[in-house]
Amino acid sequence: MSDIFNNKIGRRAVLAGGIAGASMLAMPSVLRAQDKSLKVGVYGGYFKDSFDKNIFADFTKATGIAVESVAEPTGEAWLVQLEQAAKAGAAPADVSMMSQVSMLKGQSTNLWTPLDLAKIPNSKNLIDRFVNKYPDGKVAGIGAVSWYITLVSNTDVIKEAPTSWAAMWEKDKEDKLGLLALVSNSFLLEVTAKTFMGGTNALDTEEGILKALEKLAELKPNVRLWYRDEAQFEQALKSGEIPMGQYYHDVTGLAAADGNPVRSTFPKEGGIQDSGCWALSRASKKTEEAHTFINYMCQPAIQATLSRKVGTAPTIKRDLLDLTAEEFAAVSSDIEPIIPRYDLYQTKSDFLNQKWTEMIAG
Amino acid sequence: MRREPPQRLGDYGPLFFPAGMLTLFFVVPFATMIAVSFFQREQGGFYTPAFVLDNYARFLSLFFGKVLGFSLFLAVAVAIACVVVGVPFTYLLARSARKMQIAWLVALLSILSLSEVMIGFAWSTLFSRTAGITNLFVWLGLMSQAQALTPSFGAVMTAMTYQAFPYTVLVLYPALVRLDPTLAEAARTLGASPVKAFFTVVVPALRNTILATLIMVFIFALGSYLLPQLLGRPQHWTLSVLITDQAIYQSNMPFAAAMAVFLVLVSLALVGLAVYAGQQKEAK
């Protein structure tokens with residue numbers, strides 16, 4: 001199951017880039033020729049540019065390791081390329097930022113070199129769930145960045161900020177919602193389970209999933225737009241055409257700061273927190289440099305820089321960060337988040353996709 | 001100039017290039033797609049070469065049958081709408097002044113330079129409640145309150161017809177320009193009204209052109225993927241939308257390939273049927 005929307009650039013580039021993104025690969029930009037170097041894959045476009053500008057140059061200064069940043073395509077194309085290259089003993093990038101579902105899929109073929117936490121002392125800063133582990137406990141990846149999908153609304157049309165995801169089900173929201181169109185990027189099953197079924201564990205069984213889908217089907221009359229392209233919803237939200245829905249917290253915050261009548265609310269059940277991991281290809285010979293890099297990225301100061309400059313939510317504990325309350329609120333929240341059930345999108349992907357499509361299009 | 005049938009292998013030379021291109025850019029990719037459609041999907045992974053029918057079996061369900069049915073219906077509806085609007089339009093265009101013709105053709109050709117994305121977003125704005133044409137109707141006193149016309153089937157149809165219309169005119173135009181004007185004049189002399197002359201003389205004389213136009217627009221509309229998504233509700237999503245979902249978002253290439261093969265086969269069969277029916281009618 002692909003997770004093209006699992007990263008911010010991915011979802012932005014979908015219409016423009018689509019599959020074509022794959023062809024734009026492998027245009028590494030060498031920052032400085034050094035003896036030691038590391039190829040790092042990050043999502044192409046805004047992400048890569050921000051990392052080049054705000055992170056990689058300082059990293060090279062601090063460690064003497066030159067970074068060649070490689071633009072990753074969206075979706076699972078990068079995972080497929082890493083996998084096929086690794087079979088041939090090549091690594092188009094040593095360390096790559098990977099979506100959670102890609103991490104799990106890569107685990108199934110042992111694509112990721114297990115990381116040695118002793119060489120990443122800063123990993124103790126991480127919130128536990130951002131350490132991605134193989135079933136036997138070896139570390140496959142380390143949380144790089146995360147971001148939130150929250151309940152957003154137009155302040156002109158919806159006067160009172162909603163407090164719960166349950167607001168989407170209310171009768172007066174008929175034909176007023178914009179929701180993500182795919183089971184694997186909307187995470188609405190998790191939202192339903194957390195809001196109405198006591199937690200995402202309710203999705204452990206197929207009966208539980210079907211029950212959640214039944215509850216979701218009640219939403220259908222309220223949904224005006226099931227969107228794949230975020231620009232479509234963002235525009236409609238700003239104009240009040242579609243006054244409520246799920247959207248990205250950081251982008252909504254930026255739109256509100258620009259004076260648009262929109263707000264992003266963390267419902268009491270929590271926002272949906274999605275994230276990307278740093279992972280090392282088994283074909284890479286730069287194990288030492290990779291550990292140095294990942295360790296560098298887990299520093300509180302670097303995570304704070306990411307929040308300020310790139311707009312991502314930190315993957316390390318809040319009390320270690322020097323972010324002001326305002327800076328923190330711009331990218332995150334203290335309310336316990338809804339964590340997507342990535343395991344389901346690996347083990348039950350076809351079942352989920354089939355039932356989901358039947359639910360919304362049937 | 002006398003034409004001789006090719007004698008030696010060299011005489012076929014001019015054919016090698018197009019044949020090579022056809023093989024390289026059509027036969028090979030299509031054969032690959034057919035091969036992949038039989039591969040084994042590995043959930044939570046990719047796919048492995050095999051020969052299984054699972055992908056086709058999954059497609060043979062009521063749900064996908066309905067989606068396929070809707071896609072075909074939509075393509076046929078767009079083709080008919082284009083021809084119904086296009087034939088009278090092109091007929092009048094072909095009879096208007098040269099300058100007028102050029103202006104119209106340039107305008108129509110410029111539509112072709114618009115991408116599907118732009119067309120989709122433009123229509124979704126025109127059909128919106130906050131900025132759309134219904135505001136104009138309210139101002140004119142035709143409606144009491146602005147309302148959203150999208151997402152709806154009508155919105156999808158309008159945008160797709162708009163997108164396919166230039167092609168329709170471009171295919172019809174040469175035939176209509178060449179159509180002998182004395183045919184219609186003769187009908188008029190014999191007492192037919194202009195409308196009757198149009199339907200009893202012009203349209204039958206253009207039967208093959210119209211059939212060709214219908215088929216071309218049908219195939220063009222069948223591949224539509226973006227407009228149904230931007231302007232329709234989920235029940236208006238075409239099979240192409242689901243194929244894209246499977247290929248890009250689910251990385252389920254075998255299933256996407258199987259659906260695509262199915263779509264190609266069904267559309268080929270329909271086109272074959274239409275051509276056959278056309279020939280039968282001509283034979284009578």
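**Close-up views of a predicted model**

**View 1. Helices H6 and H7 of chain A cross at roughly 90°.** The axes of helix H6 (residues 188-196) and helix H7 (residues 206-217) come within 9 Å; helices are DSSP runs of H or I with at least four residues, strands are E runs of at least two, and both are numbered from the N terminus. Axes are lines fitted to C-alpha atoms, for helices over the stretch in contact, with angles from 0 to 180 degrees between N-to-C directions. That makes H6(A) roughly perpendicular to H7(A) (65 to 115 degrees). This is a predicted model, where local features need pLDDT of at least 70 and side-chain atom pairs 80 or more, while totals for chains, interfaces and linings use all residues. Residues are numbered from 1 along each chain as its sequence is written, with chains lettered from A and ligands numbered from 1 in written order.

**View 2. Here is who meets whom between H6(A) and H7(A).** From H6(A), A:Leu188, A:Leu189, A:Thr192, A:Ala193 and A:Phe196 meet A:Ile209, A:Ala212, A:Lys215 and A:Leu216 of H7(A) (contact: C-beta atoms, placed from the backbone, within 7 Å).

**View 3. The largest nonpolar core has 112 residues.** Such a core joins buried Ala, Val, Leu, Ile, Met, Phe, Trp, Tyr and Cys through C-beta atoms within 7 Å; buried means 20 or more other C-beta atoms within 10 Å. A:Val95, A:Ile142, A:Trp278, A:Ala279, A:Ile294 and B:Met259 touch the most other members. Strand S6 (residues 139-154) of chain A gives the largest share, nine residues.

**View 4. A:Ala279 has contacts beyond its sequence neighbours.** Leaving aside neighbours within four places, its partners include A:Val95, A:Met98 and A:Trp112.

Terms used. Buried ≥ 20, exposed ≤ 12 C-beta atoms within 10 Å, placed from the backbone. Contact = placed C-beta atoms within 7 Å. Parallel < 35°, antiparallel > 145°, perpendicular 65-115°, else oblique.
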